[in-house]
Amino acid sequence: ANMHTGALVVNYPFDGPNTGIYSASPDDDLFVQLARCYADAHPNMESGGFNDGITNGSQWYAVYGGMQDWNYVWENDFEITLEQNEVKWPNSNELPDLWEEHQESMIVYMEQIHKGVRGIVRDLESNNGLHATITIQEINHDIFTDSENGDYYRLLTPGTYTITAESFGYISQTEQIIVNSENYIELDFNLELDPWLLEAEIENFEGGFVENFEWTLTGSSNWSINTEQSFEGDNSIRSGSINNNQESNISISLEISEFGNLSFYKKVSCEPTGSQTGNFYDYLSFSIDGVEMDKWAGEIDWSLESYPVNPGVHLFEWKYVKDQAVIGGLDAAWLDFIVFPPVESLNQCPNDINGDCTTNILDIVVLINFILGYEIPSNSQFLESDLNQDGLLNVLDVVQLVNIVLSE
């Protein structure tokens, strides 16, 4: 909460965009509950000229860049503004009475943390806390666990909810809960590592732009490796620098061998018009076989997208597109950790580890470097190097590779 004077009312998000028009957040019911709990515990807040002593910020008057909206949207907080006295600058001798008037309200407000659901998200094997996203299916506003300890606190009004915990590289878990008005629900999640990642083909751009994938670059400026932004590891790929009425495209054609999901992490920073109106000007889009799956505009931090893909040959394409006018944000899009369903062998030369389509002493050297830790294999290189398919790279794989080289 942040505390002001000049009125006697509890103000809650959103604070904009238009004065006199109610602007509800996804958690509007919760904010009304938080505001009312404070106002109801105050001896005379309801006499301040506002219904029930509370108001939606935008309906009162619009504020741009306010803390309560910022903290709700970006900082995992549920914040309200407490206007605590109709006199803008009360005399110091009024402070004891103001303290008495607001003390109980502040205590009641703090006690709201004991409403809703809370718990810890852990790795099932190690029991370590995980950085995870907590999603409520019925409310379009996610929160996040503490990245070090894995604990989360999700305030909710009484009702039935579907809650999901998601963490990168793990199988998500979903539970249904019933929240009452008296106390909180304790709900821990223990997530399993996703075995799918061990089988899927992954492009994480850590080994340079083209690892084992034959990307096609088109448009006015090419996508390129970026070391300043990444979801996982050190690298991502960034759209090219383009001007008005231009686009920067990256695509790949793959033969998918079995049904699965294609997923990727995206980040966007551009003119936000499309995200507000549905009429996109500058945006990132993704399509499969020429059919647009979705598009995004505005300021979007790293977030996951996933689409089902049937077996067969498919064209996957990402486009960053600009219209003829406004520039916003960093005017770019980024991709990272693209996971493809199982595909027909990307390496048409069996046992070829170094990519020269010949199995020889050079492949043995690369394999030994992997084992000694001098180089880190990509997902495809690991699968090609694990000749005995025991999930490990060791001297047994070297022996088998030597035998293959000697037999050729």
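This is a working chat about local features of a predicted model.

Colleague: Buried or exposed?

Modeller: N2 counts as buried, because its relative accessibility is 18% and the cut-off for buried is under 20%.

Colleague: What is N2 in contact with, leaving aside neighbours within four places in sequence?

Modeller: N2 is in contact with M67, Q68, E79, I80, T81 and L82.

Colleague: And which side chain makes a polar contact with the side chain of N2?

Modeller: That of H4, at 2.9 Å.

Colleague: What separates the C-alpha atoms of N2 and I139?

Modeller: They are separated by 25 Å. Along the chain, N2 and I139 are 137 residues apart.

Colleague: Switching to backbone geometry. What is the peptide bond from P13 to F14, cis or trans?

Modeller: The bond from P13 to F14 is cis, with omega near 0 degrees. F14 sits in the loop between β2 (7-12) and α1 (28-41).

Colleague: And the bond from G16 to P17, what is its omega?

Modeller: Omega is near 15 degrees, and the bond from G16 to P17 is cis. P17 is found in the loop between β2 and α1. For context, most peptide bonds are trans.

Colleague: Now phi. What is the phi of F205?

Modeller: About 65 degrees, a positive value although F205 is not a glycine. Most residues other than glycine have a negative phi.

Colleague: Where is F205, and is it buried or exposed?

Modeller: F205 is in the loop between β13 (201-203) and β14 (216-219). F205 counts as buried, because its relative accessibility is 0%.

Colleague: Then F337. What is its phi?

Modeller: Phi of F337 is near 45 degrees, again positive in a residue other than glycine. F337 lies in strand β23, residues 332-340. At 8% relative accessibility, F337 counts as buried.

Colleague: On to the hairpin of β9 and β10. How many residues are between the strands?

Modeller: Six residues are between them, and G169 in this hairpin takes a positive phi near 85 degrees.

Colleague: How many bridges join β9 to β10?

Modeller: Seven bridges join β9 (residues 159-166) to β10 (residues 173-179), and the two strands run antiparallel.

Colleague: What is the strand order in the open sheet?

Modeller: The order is β14-β17-β22-β19-β20, five strands with antiparallel pairing. β14 and β20 (291-296) are the edge strands, each pairing on one side only. From one strand to the next, the twist averages 20 degrees.

Colleague: Over how many bridges do β14 and β17 pair?

Modeller: Four bridges, in the antiparallel sense, with β17 at residues 247-256. The bridge partner of T218 is N249 in β17.

Colleague: Last topic, helices. At what angle do α7 and α9 pack?

Modeller: About 175 degrees, with the axes 10 Å apart. Here α7 is residues 361-372 and α9 is residues 395-407. That angle makes α7 roughly antiparallel to α9.

Colleague: Which residues make the contact?

Modeller: From α7, I361, D363, I364, L367, I368 and I371. From α9, V395, D397, V398, L401, V402 and V405.

Methods
Residues are numbered from 1 along each chain as its sequence is written. This is a predicted model: local features need pLDDT of at least 70, side-chain atom pairs count only at pLDDT 80 or more; totals for chains, interfaces and linings use all residues. Side-chain values use heavy atoms; hydrogens and water are left out. Axes are lines fitted to C-alpha atoms, for helices over the stretch in contact, and angles run from 0 to 180 degrees between N-to-C directions. Angles under 35 degrees count as roughly parallel, over 145 as roughly antiparallel, 65 to 115 as roughly perpendicular and the rest as oblique. Contact means heavy atoms within 4.5 Å. Two strands pair if DSSP finds at least two bridges between them. Buried means under 20% relative accessible area, exposed over 50%, partly exposed in between (1.4 Å probe, protein chains only). A polar contact is a pair of N or O atoms within 3.5 Å; within protein, one must be able to donate a hydrogen and the other to accept it, and residues adjacent in sequence count only if both atoms are side-chain atoms.
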